[in-house]
Amino acid sequence: MKKRMVIATVLLLICSLVATAVPDGPRIKMQRGTRDRTQRMAAPTRVEFTEETVALVESAPVDAVALSSQVLAGHLLRRIGFGPTQGDMRWLTPRGRTGRVRWINWQLWPEYIDDSYAESLLPAINPDNGDTDYIRRWYVRMTYSQRQLQEKMTLIWHEHFSVSDEKVGDQRYLGAHEDLLRRNSLGNFRNFLVDVTVDSAMLRWLDNDYNNGNDVKPPNENFSREFLQLFATGTTLLNLDGTPVRDASGNPVPSYTETDVRELARSLTGWHTNYCDPYPYCDPGPATFEPGYHDDRAKTIMGEDVPAGMGEDETAYAIDLVLRQRTDTVAAFISKILLQKLVSENPPPAYVYRVARRFKNTNWNIREAVKLILTDAAFESGAMVRTMYKEPVEQYVGAVRALNSWTQGDALYNWTYEAGQLVYYPPSVFSFYRPGNKASLVNTSRVFFRDKMADEYSSGWWDTAFDAPAHIRQGGLTTPDRAVTYFVSRLLAAPASTGVRSELIRYMGGQVTEEKVRGLVWLIMCSPDFQRN
Amino acid sequence: MQFNRRDFFRTGMIAAAGLVANYTLPGKAGAQNVRMQADEKVVVIVNLLGGNDGLNTVVPISSSQYDKYRELRNTLAYDQANLLSLSGQPDFALAPQMGEFQNLFNSGRLAIINGVSVPDDAVGLFDHEAGQYEFQTCDIIRNLSAGPSSGWLGRYLDSMPDPGPDEISPGVDLGGGRLLLSGRNRVPVSINSIDNFQLQVSYDPDARKAAYDRLMNIPHTASTVGERNRQMRLLARYQSDIILSATAGYQPTVNYPATYLGGQMKDCAKIIYGNVGARAVAVGIGSFDTHSYQNYGSGSELGIHDTLLKTVSDAVGAFYQDLINLGLSHRVLILTISEFGRRGYENNDLGTDHGFSSVAFALGDDVKGGIYGDYPDLNSLVLDGSLGMSNDFRSVYATVLANYLGVDPQPILDPNDLYPDFQPLDFV
């Protein structure tokens with residue numbers, strides 16, 4: 001008898017171990033055969049509790065709501081993707097930190113995540129619709145893709161490189177540009193910079209297309225300037241912890257001079273986009289290097305000489321030069337931006353330092369930097385959880401995911417356009433908002449837009465809607481109390497803050513009708529709690 | 001507890017933790033506006049975002065300058081025959097698309113100020129972000145240790161009394177620069193368009209609005225993000241009610257152009273008509289960063305810059321005419337700003353790169369039309385081919401503050417007392 005119980009217990013243990021071994025996610029079981037198991041099945045990353053990290057965690061102000069497993073799961077899913085689905089939360093909440101670390105390691109290798117279901121939902125591209133279908137497809141991908149981290153990183157890089165189709169004007173270049181962003185999103189940053197420099201959309205956007213280095217008039221400086229100012233180094237020299245280097249008088253030191261801008265512009269001449277007819281039914285292919293347009297003379301950038309006669313190789317050479325001459329600055333500049341997008345708009349210098357050091361030491365490995373960001377103890381500290389603003393894309397796609405809604409991207413196109421965040425239409429090279437200034441997305445005019453989106457989404461009239469009767473049925477929502485609990489949990493992945501719950505119940509007016517449920521969803525989406533990322 | 005307007009309009013945040021803002025919607029404002037001072041002056045800033053090419057906006061046509069102009073810009077230079085003449089000004093002409101501005105100049109209401117820029121030791125020359133920051137704040141050395149940034153007009157608005165019961169924030173940002181209108185202790189109201197500036201409830205409206213207002217009255221203590229969003233919604237709801245009822249009777253007396261700027265200028269007219277306490281309004285128009293395909297000098301084809309100048313001229317012209325017809329034109333002074341001008345020479349992309357000084361326009365009943373300041377000599381370009389400075393941008397602002405608004409400009413433009421007094425010009 002005892003022996004059987006022992007065997008039964010052992011079997012039970014084995015079963016539970018197997019059950020927790022693989023996150024099966026909301027819909028698709030992961031394929032087991034193809035990925036590098038040593039990477040994915042690695043033990044949860046040990047976090048080093050140095051004095052810095054301990055001080056960080058201990059000094060964080062305690063949030064009014066305790067950092068429960070539910071809250072931390074929701075936090076993770078909002079930061080590394082576009083917010084929780086019910087299925088994601090069901091998997092993560094009971095598994096605590098161990099589960100979250102496994103999830104992170106799973107998401108860090110999107111190439112091993114089967115995304116065929118999401119792919120099957122993407123709207124087809126009709127070449128006659130300009131860039132509209134590309135934009136809709138990306139919203140649908142953000143909503144349904146299992147590779148949530150990859151999609152979030154793709155958006156982050158889009159905001160960084162900030163190419164606008166308003167000027168590019170050819171959706172075929174846009175498609176190639178999006179592939180480039182996605183392909184490099186967790187890859188090598190140096191290769192990313194080289195790829196984006198010769199990308200057709202970027203050539204058009206920042207005027208490096210047919211930029212002639214052998215004309216009597218000097219070449220256009222637009223790309224070179226923005227490459228330094230926005231993409232690679234930023235305006236001032238940085239220490240590895242992101243703080244500015246200062247001169248003897250205490251002033252920040254510029255990281256490039258006007259001469260550097262001009263010399264780099266000369267180095268990067270020679271590329272041009274290709275075109276084909278009949279537009280838009282053919283593929284123009286990648287950009288080409290034209291030696292006749294390239295300024296092949298010797299140059300000096302940031303004090304280092306570039307030899308004459310380098311031809312096409314000069315593009316990568318000049319980029320490598322910048323990275324060589326400004327290594328710490330680039331490492332800190334990019335690391336801080338990634339932290340400002342993923343964790344906190346005011347990351348502590350110690351955190352920046354840890355990430356920048358890893359980024360630099362791995363020779364610009366984005367995946368390694370992101371992994372460190374997400375598994376660092378600071379990521380889950382009270383100061384970092386639910387303390388960021390949501391940008392419109394995060395807010396809207398998050399609402400769609402949270403309620404298992406259907407979308408083909410049309411309404412999301414309209415809503416993000418009105419909110420000032422239509423992807424591929426950043427208002428300027430300075431993107432939708434500057435890193436560290438998500439607060440600028442909230443003002444009196446913009447809050448009306450957010451609440452208007454919530455009104456339209458909740459009304460059920462648009463292509464992007466949730467099935468209220470199905471939720472009422474499946475959730476067993478027989479009383480206002482149960483309805484409020486259900487929708488608060490789905491939309492916030494956290495308890496509602498003090499006093500809000502009773503107002504939501506009061507609104508229901510004693511019964512659970514479809515209209516009241518829709519109004520309830522709207523109220524939650526307008527509430528301060530829902531604005532917290 | 002009664003809604004505390006004073007605290008609310010200050011920084012948009014209730015600073016001390018634990019202060020409760022219970023907000024009850026004021027009763028519907030009556031159609032009559034019973035405010036005491038219905039004639040106060042309004043400054044309207046038109047922000048040309050991206051760096052407006054002054055040299056192709058106001059073109060020097062005295063013979064030596066014009067020859068040099070053609071030499072620097074053999075494709076972009078306008079043929080003299082296409083330029084618009086300015087009465088009494090043989091040495092200058094206006095870009096071909098600025099017909100409305102030509103009329104306004106010739107009727108003596110438009111001033112052109114030459115060579116406006118930051119001084120050449122300002123931080124971040126040729127940088128959009130730095131340039132806009134400096135034009136909005138007057139902080140040319142990035143003196144961030146002096147406290148949170150504020151705009152020069154925001155600092156002026158700080159001295160305004162608190163908004164009365166039928167009034168909104170004295171600063172109204174329609175898209176021209178929130179920082180410009182943000183003071184040390186006040187923030188502007190941001191409005192994208194007046195029609196959209198309201199809460200939309202497409203079903204169960206009464207119960208939802210009531211629940212929304214009750215919800216937004218619950219202080220949110222768990223996070224700054226949540227609390228700021230809550231207060232922003234309260235502020236928006238409150239001001240939306242005031243604006244919508246005060247502007248309901250407005251009918252435009254002109255056909256505003258169907259451009260985005262046209263829409264902003266029409267909303268600006270509504271705000272002034274509505275008499276809701278606005279003292280400074282900022283509108284913005286982008287795409288002035290014309291590195292390529294800026295214009296075609298000799299042909300009839302319109303480039304980007306041509307279209308932009310036409311948009312500005314038509315929209316601002318319509319606005320001013322609308323105010324004249326409504327008997328409100330004595331209330332405004334309109335001023336254009338841009339973060340820098342562009343290089344004297346064209347690049348190989350039919351465009352121009354970032355430069356130094358540019359021109360500014362001032363328009364209004366009180367403006368003394370004409371041209372102010374020397375045109376930078378095209379034979380003495382500075383900073384790698386840019387037009388030099390004739391008027392520090394702060395002297396333009398000093399003119400507005402001292403001569404139009406009647407206040408001492410120096411403490412507003414130079415709160416840290418770092419510079420000698422800026423001398424107002426004579427255009428108003």
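## A strand, its partners and the cores around them

Two bridges link strand S5 of chain B to strand S12 (residues 391-392) of chain B, and the two run parallel. Before going further, please keep in mind that this is a predicted model.

How many of the residues of S5(B) are buried? S5(B) spans residues 110-117, and eight of its eight residues are buried, so the strand is described as mostly covered.

Now to the nonpolar cores. The largest has 221 residues, and those that touch the most other members are Met153(A), Trp157(A), Phe189(A) and Phe319(B). Another core lies apart from the largest one and has 41 residues, among them Val43(B), Cys138(B), Ala360(B) and Leu405(B). In soluble globular proteins, nonpolar side chains tend to be buried together.

Turning to chain A as a whole, we find 26 helices and four strands. Of its 533 residues, 59% count as buried. Among the contacts in chain A with a separation of 6 or more, 72% are between residues 24 or more positions apart.

One helix pair of chain A deserves a visit. Helix H8 (residues 132-144) and helix H11 (residues 171-184) of chain A pack at an angle of about 25°, with their axes 10 Å apart. Why are H8(A) and H11(A) called roughly parallel? Angles under 35 degrees count as roughly parallel, and the angle here is about 25°, so H8(A) and H11(A) fall in that class. On the H8(A) side the contact is made by Tyr134(A), Trp138(A) and Arg141(A), while H11(A) brings Gln171(A), Arg172(A), Leu174(A), Gly175(A), Glu178(A) and Arg182(A). By class, these residues are three nonpolar, two polar and four charged.

Finally, a few backbone details to look up in the loops. The loop between strand S1 (271-272) and strand S2 (288-289) of chain A holds Pro278(A), and Pro280(A) is placed in the loop between S1 and S2 as well. The peptide bond from Asp277(A) to Pro278(A) is cis, with omega near 5°, and the one from Tyr279(A) to Pro280(A) is cis, with omega near -5°.

Positive phi values turn up too. Asn363(A), in the loop between helix H18 (349-361) and helix H19 (366-375) of chain A, has phi near 60° without being a glycine. Is Asn363(A) buried or exposed? Its relative accessibility is 52%, so Asn363(A) counts as exposed. In chain B, Tyr293(B) has a positive phi of about 50°, although it is not a glycine. Tyr293(B) lies in the loop between strand S8 (280-285) and helix H9 (304-326) of chain B, and is partly exposed, with a relative accessible area of 45%.

Technical notes
Residues are numbered from 1 along each chain as its sequence is written. Chains are lettered from A and ligands numbered from 1 in the order in which they are written. This is a predicted model: local features need pLDDT of at least 70, side-chain atom pairs count only at pLDDT 80 or more; totals for chains, interfaces and linings use all residues. Side-chain values use heavy atoms; hydrogens and water are left out. Axes are lines fitted to C-alpha atoms, for helices over the stretch in contact, and angles run from 0 to 180 degrees between N-to-C directions. Angles under 35 degrees count as roughly parallel, over 145 as roughly antiparallel, 65 to 115 as roughly perpendicular and the rest as oblique. Contact means heavy atoms within 4.5 Å. Ala, Val, Leu, Ile, Met, Phe, Trp, Tyr, Cys and Pro count as nonpolar, Asp, Glu, Lys and Arg as charged, and the others, Gly among them, as polar. Buried means under 20% relative accessible area, exposed over 50%, partly exposed in between (1.4 Å probe, protein chains only). Two strands pair if DSSP finds at least two bridges between them. A nonpolar core is a set of buried Ala, Val, Leu, Ile, Met, Phe, Trp, Tyr and Cys residues joined through side-chain atoms within 4.5 Å.
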